[in-house]
Amino acid sequence: MFNLILFGPPGSGKGTQSERLISKYGLKHLSTGDLLRNEIASSSPLGMAAKSFMDKGQLVPDEVVIEMINSALDNNPQANGFLFDGFPRTTAQAEALDKLLGQKNTEIAIVLALEVTQEELVRRLLNRGITSGRSDDVNEDVIKARIQEYDRKTAAVADHYKKFGKVEYVKGEGNVDDIFELLCREIDKKHAA
Ligand code: AP5
Ligand code: MG
């Protein structure tokens with residue numbers, strides 16, 4: 001199994017690059033943002049509870065997303081590996097993930113961290129908000145709140161995995177294809193090792 005975390009602030013290109021990476025490496029894509037939006041779309045109790053946090057740009061409580069990931073891992077026993085996108089987002093989530101993977105005798109192989117300036121993040125998300133229908137993209141204050149949550153709670157996840165020497169930084173600005181090549185280069189180094 002080859003499991004990777006695609007890490008980075010809101011708008012850094014995690015979703016865009018995930019699509020390409022899962023198709024090249026045959027991984028199962030697990031995006032907690034997408035899973036939560038599916039819950040909202042089906043008006044489930046979990047979705048309704050999560051929506052109030054997401055609309056404000058705040059993180060959904062750890063236990064909710066950890067349980068979602070736990071189920072997703074159990075529901076995909078045949079997967080060759082997982083690409084985690086938007087998860088883990090707190091140190092508690094990272095510790096829970098390491099434990100869940102450990103129970104399945106596997107682990108995170110690499111954390112690829114996309115680096116993008118704050119100005120570019122805001123520009124991309126406002127631009128996407130014109131067409132995405134994502135309620136957390138339309139208002140600049142909500143976008144800034146998401147970036148603030150990242151700085152306050154999520155940036156620490158990289159420190160957690162740095163302790164194990166698993167983090168590789170990749171510049172996330174420029175051409176989408178060029179960024180994809182840089183990500184693949186880092187993965188291939190690990191695969192070959
Ligand atoms: P989530 O859905 O994870 O959103 P996010 O992390 O805020 O990031 P985005 O999905 O907006 O951006 P992205 O990095 O995927 O970039 P993308 O490729 O789309 O989370 C949403 C909410 O759910 C959270 O705020 C929270 O409330 C909740 N949540 C989710 N997971 C949680 C968790 N684990 N714990 C607690 N709460 C959780 O690209 C963005 C835009 O830029 C696109 O328009 C794209 O076309 C464009 N773009 C991409 N690459 C480039 C490039 N190289 N150049 C120019 N434009 C580009
Ligand atoms: Mg995304």
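This is a predicted model: local features need pLDDT of at least 70, side-chain atom pairs count only at pLDDT 80 or more; totals for chains, interfaces and linings use all residues.
Local features need pLDDT of at least 70, side-chain atom pairs count only at pLDDT 80 or more, and totals for chains, interfaces and linings use all residues. Residues are numbered from 1 along each chain as its sequence is written, chains are lettered from A and ligands numbered from 1 in the order in which they are written, and side-chain values use heavy atoms, with hydrogens and water left out.

Q: What makes a residue count among those that surround ligand 1?
A: One of its heavy atoms must lie within 4 Å of the ligand. 31 residues surround ligand 1. The closest are Thr 16, Thr 32, Gln 58, Arg 89 and Arg 128.

Q: Why is the pair between ligand 1 and Gln 58 called a polar contact?
A: A polar contact is a pair of N or O atoms within 3.5 Å; within protein, one must be able to donate a hydrogen and the other to accept it, and residues adjacent in sequence count only if both atoms are side-chain atoms. An oxygen atom of ligand 1 is 2.6 Å from a polar backbone atom of Gln 58. That distance falls within 3.5 Å, so the pair qualifies. An oxygen atom of the ligand is also 3.2 Å from an N or O atom in the side chain of Arg 134.

Q: How do you know how much of ligand 1 the protein buries?
A: Accessible areas come from the Shrake-Rupley method with a 1.4 Å probe; for residues, only the protein chains shown count as cover. Taken alone, ligand 1 exposes 1000 Å². The protein buries 87% of that.

Q: What makes a residue part of the lining of the largest pocket?
A: On a 1 Å grid over the protein atoms alone, a pocket is an open set of points where a 1.4 Å probe fits, with protein on both sides within 12 Å along at least five of seven lines. Lining residues have an atom within 4 Å of a point. The largest pocket is lined by 49 residues. Pro 10, Gly 11, Lys 14, Arg 134 and Arg 146 lie nearest its centre.

Q: Which space does ligand 1 take?
A: The space taken by ligand 1 is the largest pocket. A molecule sits in a pocket if more than half of its atoms lie within 2 Å of its grid points.

Q: What makes the bond between Phe 87 and Pro 88 stand out?
A: Most peptide bonds are trans. A cis bond joins Phe 87 and Pro 88, with omega about -5°.
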